[in-house]
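Dear colleague,

I am handing over to you the structure shown below.

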Amino acid sequence: MKSAPAAGARAGGPRLPDHALWVNGRIVRGEAAALSLYDRGARDGEGVFETLRVYAGQPFQWERHLERLVLAAAELGFPVPPAPSLLRAGIVDLLEAGGMSDAVARITVTRGIPGGRPTRSGCWIEIEPLEGRLWAGARSGSASARFSRRPFEPGPLGRYKTTSRLAYRLASEEARTARVDEALLVSAAGEVMEGATSNLFAVIGGEVLTPPLARGILPGITRAWVFGAAAELALACREATLDRAAVAGADEIFLTNSVQQVVPLASLEGRPLHAQAVGERLREAYRAAVERERAGVGAGRGD
Ligand SMILES: Cc1ncc(COP(=O)(O)O)c(C=O)c1O
(Lines give C-alpha, C1' and ligand atoms only; values in the text may rest on other atoms or scores of the structure.)
Protein backbone atom coordinates (compact mmCIF):
# COMPACT_ATOMS: atom_id res chain seq x y z
CA MET A 1 0.00 0.00 0.00
CA LYS A 2 1.43 3.39 -1.00
CA SER A 3 0.94 6.53 1.00
CA ALA A 4 1.38 10.13 -0.12
CA PRO A 5 2.71 13.02 1.95
CA ALA A 6 0.34 14.74 4.36
CA ALA A 7 -1.85 17.47 2.85
CA GLY A 8 -1.14 20.37 5.18
CA ALA A 9 -2.40 23.87 4.50
CA ARG A 10 -2.64 25.09 0.91
CA ALA A 11 -1.60 28.67 0.24
CA GLY A 12 -4.77 30.75 0.15
CA GLY A 13 -7.04 27.70 0.07
CA PRO A 14 -8.97 25.67 2.58
CA ARG A 15 -7.08 23.17 4.66
CA LEU A 16 -7.80 19.80 3.14
CA PRO A 17 -8.65 16.82 5.30
CA ASP A 18 -5.61 14.68 5.90
CA HIS A 19 -7.23 11.26 5.87
CA ALA A 20 -6.38 8.62 3.31
CA LEU A 21 -8.62 7.99 0.30
CA TRP A 22 -8.54 5.22 -2.26
CA VAL A 23 -8.65 6.79 -5.72
CA ASN A 24 -8.60 4.60 -8.82
CA GLY A 25 -6.58 1.94 -7.04
CA ARG A 26 -4.13 4.12 -5.10
CA ILE A 27 -4.13 5.29 -1.49
CA VAL A 28 -3.70 9.07 -1.54
CA ARG A 29 -4.21 12.08 0.72
CA GLY A 30 -4.96 15.79 0.47
CA GLU A 31 -4.36 17.36 -2.93
CA ALA A 32 -3.44 14.03 -4.45
CA ALA A 33 -7.04 12.93 -3.83
CA ALA A 34 -8.23 14.39 -7.13
CA LEU A 35 -10.57 13.53 -9.97
CA SER A 36 -9.77 14.74 -13.49
CA LEU A 37 -11.88 17.63 -14.75
CA TYR A 38 -12.32 15.54 -17.89
CA ASP A 39 -14.13 12.88 -15.87
CA ARG A 40 -17.84 13.00 -16.55
CA GLY A 41 -18.44 12.62 -12.84
CA ALA A 42 -16.67 15.92 -12.15
CA ARG A 43 -18.10 17.73 -15.16
CA ASP A 44 -21.74 16.74 -15.21
CA GLY A 45 -22.31 14.88 -11.97
CA GLU A 46 -22.48 11.54 -13.74
CA GLY A 47 -21.80 9.29 -10.80
CA VAL A 48 -23.38 6.73 -8.50
CA PHE A 49 -22.33 5.79 -5.01
CA GLU A 50 -22.93 3.52 -2.05
CA THR A 51 -22.66 4.37 1.62
CA LEU A 52 -22.32 1.45 4.00
CA ARG A 53 -21.18 0.60 7.48
CA VAL A 54 -18.14 -1.43 8.35
CA TYR A 55 -18.37 -3.37 11.60
CA ALA A 56 -15.19 -4.96 12.98
CA GLY A 57 -13.57 -4.65 9.58
CA GLN A 58 -16.53 -6.29 7.76
CA PRO A 59 -18.65 -4.21 5.37
CA PHE A 60 -22.27 -5.03 6.29
CA GLN A 61 -24.58 -6.21 3.49
CA TRP A 62 -21.62 -5.97 1.11
CA GLU A 63 -23.16 -8.06 -1.67
CA ARG A 64 -26.38 -6.05 -1.59
CA HIS A 65 -24.55 -2.74 -1.82
CA LEU A 66 -22.28 -3.94 -4.60
CA GLU A 67 -25.22 -5.37 -6.49
CA ARG A 68 -27.02 -2.01 -6.36
CA LEU A 69 -23.86 -0.18 -7.44
CA VAL A 70 -23.04 -2.49 -10.34
CA LEU A 71 -26.65 -2.64 -11.56
CA ALA A 72 -26.96 1.15 -11.43
CA ALA A 73 -23.70 1.56 -13.34
CA ALA A 74 -24.85 -0.94 -15.97
CA GLU A 75 -28.35 0.51 -16.34
CA LEU A 76 -26.98 4.02 -16.67
CA GLY A 77 -24.42 3.04 -19.29
CA PHE A 78 -21.30 3.45 -17.17
CA PRO A 79 -18.08 1.62 -17.94
CA VAL A 80 -17.65 -1.49 -15.81
CA PRO A 81 -16.65 -0.40 -12.26
CA PRO A 82 -13.63 -1.97 -10.53
CA ALA A 83 -14.16 -5.55 -9.39
CA PRO A 84 -15.89 -5.92 -5.99
CA SER A 85 -12.80 -7.76 -4.66
CA LEU A 86 -10.64 -4.74 -5.54
CA LEU A 87 -13.07 -2.37 -3.84
CA ARG A 88 -13.18 -4.52 -0.76
CA ALA A 89 -9.37 -4.62 -0.64
CA GLY A 90 -9.45 -0.81 -0.96
CA ILE A 91 -11.68 -0.61 2.13
CA VAL A 92 -9.31 -2.88 4.04
CA ASP A 93 -6.34 -0.68 3.07
CA LEU A 94 -8.20 2.47 4.15
CA LEU A 95 -9.21 0.94 7.48
CA GLU A 96 -5.58 0.08 8.07
CA ALA A 97 -4.39 3.55 7.03
CA GLY A 98 -6.93 5.16 9.36
CA GLY A 99 -6.42 2.70 12.23
CA MET A 100 -10.15 1.92 12.21
CA SER A 101 -12.25 -1.21 12.29
CA ASP A 102 -15.72 0.37 12.61
CA ALA A 103 -16.44 3.04 10.04
CA VAL A 104 -18.73 4.48 7.39
CA ALA A 105 -17.51 3.79 3.87
CA ARG A 106 -18.57 5.51 0.67
CA ILE A 107 -17.74 4.11 -2.75
CA THR A 108 -18.27 6.45 -5.70
CA VAL A 109 -18.16 5.40 -9.33
CA THR A 110 -18.27 7.89 -12.22
CA ARG A 111 -18.75 7.54 -15.98
CA GLY A 112 -15.04 8.25 -16.36
CA ILE A 113 -13.15 10.08 -19.07
CA PRO A 114 -14.72 9.51 -22.49
CA GLY A 115 -12.65 8.37 -25.42
CA GLY A 116 -10.49 5.66 -23.86
CA ARG A 117 -10.64 2.12 -25.20
CA PRO A 118 -12.16 0.80 -23.03
CA THR A 119 -13.43 3.80 -21.08
CA ARG A 120 -12.66 3.31 -17.39
CA SER A 121 -15.01 4.50 -14.69
CA GLY A 122 -13.55 6.89 -12.15
CA CYS A 123 -13.73 5.39 -8.67
CA TRP A 124 -12.88 6.47 -5.19
CA ILE A 125 -13.51 5.24 -1.67
CA GLU A 126 -13.65 7.25 1.53
CA ILE A 127 -14.02 5.98 5.05
CA GLU A 128 -14.75 7.98 8.16
CA PRO A 129 -15.51 7.30 11.80
CA LEU A 130 -19.17 6.82 12.65
CA GLU A 131 -19.32 9.57 15.30
CA GLY A 132 -19.72 12.51 12.95
CA ARG A 133 -22.36 10.73 10.90
CA LEU A 134 -24.88 9.54 13.48
CA TRP A 135 -28.00 11.64 13.93
CA ALA A 136 -28.10 13.17 17.39
CA GLY A 137 -31.55 11.66 17.87
CA ALA A 138 -30.36 8.21 16.77
CA ARG A 139 -27.73 8.37 19.49
CA SER A 140 -30.05 9.66 22.22
CA GLY A 141 -33.13 7.64 21.30
CA SER A 142 -35.20 10.75 20.59
CA ALA A 143 -35.01 11.08 16.82
CA SER A 144 -37.08 13.78 15.19
CA ALA A 145 -38.22 14.65 11.69
CA ARG A 146 -40.24 17.22 9.79
CA PHE A 147 -41.78 17.39 6.36
CA SER A 148 -39.64 19.21 3.84
CA ARG A 149 -41.44 22.37 2.71
CA ARG A 150 -39.94 22.09 -0.77
CA PRO A 151 -42.06 19.80 -3.01
CA PHE A 152 -40.09 16.78 -4.16
CA GLU A 153 -40.37 14.36 -7.10
CA PRO A 154 -37.92 11.45 -7.30
CA GLY A 155 -37.96 11.60 -11.12
CA PRO A 156 -36.57 8.91 -13.40
CA LEU A 157 -33.24 8.75 -11.54
CA GLY A 158 -34.64 8.67 -8.00
CA ARG A 159 -34.17 4.91 -7.77
CA TYR A 160 -30.43 5.30 -8.30
CA LYS A 161 -28.05 6.65 -5.68
CA THR A 162 -26.60 9.28 -8.00
CA THR A 163 -24.10 11.93 -7.02
CA SER A 164 -26.58 14.58 -8.23
CA ARG A 165 -27.93 15.15 -4.75
CA LEU A 166 -28.82 18.81 -4.56
CA ALA A 167 -32.56 18.22 -3.96
CA TYR A 168 -31.75 15.82 -1.10
CA ARG A 169 -29.06 18.07 0.35
CA LEU A 170 -31.37 21.09 0.40
CA ALA A 171 -33.92 19.04 2.34
CA SER A 172 -31.21 17.89 4.77
CA GLU A 173 -30.26 21.52 5.30
CA GLU A 174 -33.89 22.35 6.06
CA ALA A 175 -33.79 19.64 8.72
CA ARG A 176 -30.55 20.95 10.20
CA THR A 177 -31.89 24.51 10.33
CA ALA A 178 -35.04 23.25 12.08
CA ARG A 179 -32.85 21.21 14.48
CA VAL A 180 -34.40 17.88 13.59
CA ASP A 181 -32.64 14.73 12.41
CA GLU A 182 -34.32 14.14 9.08
CA ALA A 183 -36.52 15.81 6.47
CA LEU A 184 -39.30 13.77 4.88
CA LEU A 185 -39.72 14.36 1.16
CA VAL A 186 -43.28 15.06 0.01
CA SER A 187 -44.61 15.48 -3.55
CA ALA A 188 -46.59 18.54 -4.60
CA ALA A 189 -49.70 16.34 -4.34
CA GLY A 190 -48.88 15.52 -0.71
CA GLU A 191 -47.50 12.01 -1.15
CA VAL A 192 -44.71 11.15 1.29
CA MET A 193 -41.82 9.45 -0.51
CA GLU A 194 -38.78 8.87 1.69
CA GLY A 195 -36.41 10.80 3.89
CA ALA A 196 -33.65 12.99 2.47
CA THR A 197 -31.23 10.19 3.41
CA SER A 198 -33.52 7.37 4.52
CA ASN A 199 -36.59 5.26 3.80
CA LEU A 200 -39.71 5.70 5.85
CA PHE A 201 -42.04 3.21 7.53
CA ALA A 202 -45.31 4.09 9.25
CA VAL A 203 -47.20 1.77 11.56
CA ILE A 204 -50.91 2.29 10.98
CA GLY A 205 -53.66 0.04 12.27
CA GLY A 206 -51.16 -2.68 13.19
CA GLU A 207 -49.57 -2.78 9.73
CA VAL A 208 -46.08 -1.64 8.80
CA LEU A 209 -46.44 0.48 5.66
CA THR A 210 -43.81 2.02 3.41
CA PRO A 211 -44.03 4.02 0.17
CA PRO A 212 -43.85 1.89 -3.00
CA LEU A 213 -40.61 1.51 -4.95
CA ALA A 214 -42.71 1.94 -8.11
CA ARG A 215 -42.90 5.62 -7.19
CA GLY A 216 -39.22 5.89 -8.11
CA ILE A 217 -37.70 6.23 -4.63
CA LEU A 218 -34.38 4.68 -3.62
CA PRO A 219 -34.63 0.91 -3.03
CA GLY A 220 -32.86 1.09 0.31
CA ILE A 221 -30.77 -1.87 1.39
CA THR A 222 -32.06 -1.42 4.94
CA ARG A 223 -35.64 -1.10 3.65
CA ALA A 224 -35.26 -4.49 1.94
CA TRP A 225 -33.79 -5.91 5.14
CA VAL A 226 -36.86 -4.70 7.08
CA PHE A 227 -39.19 -6.66 4.78
CA GLY A 228 -37.27 -9.86 5.50
CA ALA A 229 -37.06 -9.21 9.23
CA ALA A 230 -40.75 -8.29 9.46
CA ALA A 231 -41.66 -11.63 7.87
CA GLU A 232 -39.55 -13.44 10.46
CA LEU A 233 -41.11 -11.45 13.29
CA ALA A 234 -44.61 -12.10 11.88
CA LEU A 235 -45.23 -8.40 11.36
CA ALA A 236 -47.57 -7.41 8.54
CA CYS A 237 -45.46 -5.26 6.24
CA ARG A 238 -46.37 -3.95 2.80
CA GLU A 239 -46.00 -1.08 0.39
CA ALA A 240 -48.68 1.60 0.48
CA THR A 241 -49.10 5.12 -0.80
CA LEU A 242 -48.93 7.39 2.23
CA ASP A 243 -50.04 10.96 2.19
CA ARG A 244 -48.88 13.61 4.59
CA ALA A 245 -51.97 13.29 6.79
CA ALA A 246 -51.56 9.50 7.07
CA VAL A 247 -47.93 9.85 8.12
CA ALA A 248 -48.68 12.73 10.49
CA GLY A 249 -51.35 10.61 12.16
CA ALA A 250 -49.41 7.31 12.20
CA ASP A 251 -49.15 5.36 15.44
CA GLU A 252 -45.45 4.88 14.90
CA ILE A 253 -42.84 5.94 12.39
CA PHE A 254 -39.35 4.64 11.87
CA LEU A 255 -36.64 5.52 9.37
CA THR A 256 -33.97 3.28 7.89
CA ASN A 257 -30.61 3.67 6.28
CA SER A 258 -27.32 1.82 6.24
CA VAL A 259 -25.57 4.30 8.52
CA GLN A 260 -28.32 5.07 11.06
CA GLN A 261 -29.76 1.51 10.90
CA VAL A 262 -33.42 1.42 12.10
CA VAL A 263 -34.44 4.63 13.89
CA PRO A 264 -37.84 4.94 15.60
CA LEU A 265 -39.01 8.57 15.61
CA ALA A 266 -39.80 10.23 18.92
CA SER A 267 -41.42 13.22 17.23
CA LEU A 268 -42.67 14.47 13.87
CA GLU A 269 -43.26 18.17 13.26
CA GLY A 270 -42.85 18.64 17.00
CA ARG A 271 -45.66 16.18 17.79
CA PRO A 272 -44.45 13.46 20.17
CA LEU A 273 -44.81 9.88 18.94
CA HIS A 274 -45.22 7.77 22.02
CA ALA A 275 -45.30 4.32 20.40
CA GLN A 276 -41.99 2.89 19.26
CA ALA A 277 -42.45 -0.82 19.91
CA VAL A 278 -42.36 -2.05 16.30
CA GLY A 279 -39.41 0.15 15.38
CA GLU A 280 -37.60 -0.96 18.52
CA ARG A 281 -38.12 -4.64 17.71
CA LEU A 282 -36.71 -4.13 14.23
CA ARG A 283 -33.87 -2.01 15.57
CA GLU A 284 -32.93 -4.80 17.96
CA ALA A 285 -33.21 -7.40 15.20
CA TYR A 286 -30.93 -5.31 13.00
CA ARG A 287 -28.37 -4.98 15.74
CA ALA A 288 -28.52 -8.71 16.32
CA ALA A 289 -27.88 -9.29 12.60
CA VAL A 290 -24.87 -6.99 12.81
CA GLU A 291 -23.61 -8.86 15.87
CA ARG A 292 -24.01 -12.19 14.09
CA GLU A 293 -21.95 -10.88 11.21
CA ARG A 294 -19.35 -9.47 13.62
CA ALA A 295 -19.10 -12.84 15.28
CA GLY A 296 -18.69 -14.43 11.87
CA VAL A 297 -21.82 -16.52 12.23
CA GLY A 298 -23.06 -15.36 8.84
CA ALA A 299 -23.62 -12.24 6.87
CA GLY A 300 -26.60 -9.95 7.25
CA ARG A 301 -29.87 -11.15 5.81
CA GLY A 302 -29.59 -11.80 2.11
CA ASP A 303 -25.78 -11.86 2.01
C1 LIG B 1 -32.84 9.29 -0.50
C2 LIG B 1 -32.46 8.05 0.26
N3 LIG B 1 -33.42 7.13 0.51
C4 LIG B 1 -33.15 6.01 1.21
C5 LIG B 1 -31.87 5.75 1.71
C6 LIG B 1 -31.60 4.49 2.50
O7 LIG B 1 -30.85 3.58 1.75
P8 LIG B 1 -29.95 2.43 2.40
O9 LIG B 1 -30.81 1.66 3.33
O10 LIG B 1 -29.52 1.63 1.22
O11 LIG B 1 -28.81 3.09 3.10
C12 LIG B 1 -30.85 6.67 1.46
C13 LIG B 1 -29.50 6.41 1.96
O14 LIG B 1 -28.65 7.24 1.98
C15 LIG B 1 -31.15 7.84 0.70
O16 LIG B 1 -30.20 8.75 0.44
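Predicted model: local features only at pLDDT ≥ 70, side-chain atom pairs only at ≥ 80, totals over all residues.

For the protein chain the average pLDDT is 92, and 93% of the residues reach a score of at least 70. Two stretches call for caution.

As to the ligand, its place is the largest pocket. There are 17 residues around the ligand, and those that come nearest are Lys161, Glu194, Ile221, Thr222 and Ser258. Among the elements of secondary structure, strand 9 (191-195), helix 6 (221-232) and strand 14 (252-257) each contribute at least two residues to the shell around the ligand.

Several polar atoms of the protein face oxygen atoms of the ligand, as follows:

- Threonine 222, through a polar side-chain atom, is 2.6 Å from an oxygen atom of the ligand.
- Arginine 165 also places a polar side-chain atom 3.4 Å from a ligand oxygen atom.
- Threonine 197 takes part through its backbone, where a polar atom lies 3.5 Å from an oxygen atom of the ligand.

On its own, the ligand has 390 Å² of accessible area, and the protein covers 95% of this.

Yours sincerely

Note on methods: Residues numbered from 1 in each chain as written. Heavy atoms only, no water. pLDDT = per-residue confidence, 0-100. Near = heavy atom within 4 Å. Polar contact = N/O pair within 3.5 Å; in protein donor to acceptor, adjacent residues only side chain to side chain. Areas by Shrake-Rupley, 256 points an atom, 1.4 Å probe, with all protein chains shown as cover. 1 Å grid on protein atoms, 1.4 Å probe; cavity = no way out; pocket = protein on both sides within 12 Å on 5 of 7 lines; lining within 4 Å. Sits in = over half its atoms within 2 Å of the grid points. Helix = DSSP H or I, 4+ residues; strand = E, 2+ residues; numbered from the N terminus.
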